[in-house]
Amino acid sequence: MIHIVDRIRFWLKADRLGPDMLLTHVISYFPNFYTKICRKKFLHLGNNSVIRPGAYIIACSTISIGNNVEIRDGSRISGDSLTEPIIIEDDVLMGPNILFFSR
């Protein structure tokens with residue numbers, strides 16, 4: 001039982017989102033709850049921004065997302081850079097399977 005509790009804590013505190021993070025992936029199908037989790041994980045998450053289930057995002061704390069942004073399933077964003085954040089401006093629609101990587 002302790003192992004399960006530790007795994008749930010890891011899923012909630014990890015600096016990533018995606019289908020490989022089971023709890024947050026399940027929560028992604030409930031937009032109100034998912035938005036609350038995303039607001040805690042990202043450097044900034046703008047109003048009316050949506051991250052669809054199935055999107056992979058690594059190093060959320062180095063990514064800033066503007067207003068009215070939609071990130072579709074299969075997209076991968078990796079903000080591993082410690083010096084420069086990834087900034088997605090307002091009114092961006094990312095189609096499925098788009099890749100963003102920082103150096």
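Two strands are said to pair if DSSP finds at least two bridges between them. With that in mind, this predicted model contains an open sheet of three strands, in which the order is β3-β6-β9 and the pairing is parallel.

- Strand β6, made of residues 70–71, runs parallel to β3 and is joined to β3 by two bridges.
- Within this pairing, Val50 has Glu70 of β6 as its bridge partner.

**The nonpolar core**
- The largest nonpolar core has 19 residues, and those with the most contacts inside this core are Phe42, Ile51, Ile65, Ile71, Ile77 and Ile88.
- At least two residues of this core come from each of α3 (31–41), β5 (63–65) and β8 (86–88), and α3 provides the largest share, which is three residues.
- Leaving aside residues up to four places away in sequence, Ile71 touches Val50, Ile51, Arg52, Ala55, Ile65, Ile77, Ile88 and Met94.
- In soluble globular proteins, nonpolar side chains tend to be buried together.

**A residue of helix α3**
- Although Lys40 and Ser61 are 21 residues apart along the chain, their C-alpha atoms are separated by 8.6 Å.

Technical notes:
Residues numbered from 1 in each chain as written. Predicted model: local features only at pLDDT ≥ 70, side-chain atom pairs only at ≥ 80, totals over all residues. Heavy atoms only, no water. Helix = DSSP H or I, 4+ residues; strand = E, 2+ residues; numbered from the N terminus. Core = buried A, V, L, I, M, F, W, Y, C linked by side-chain atoms within 4.5 Å. Buried < 20%, exposed > 50% of the residue type's maximum accessible area, 1.4 Å probe, protein only. Contact = heavy atoms within 4.5 Å.
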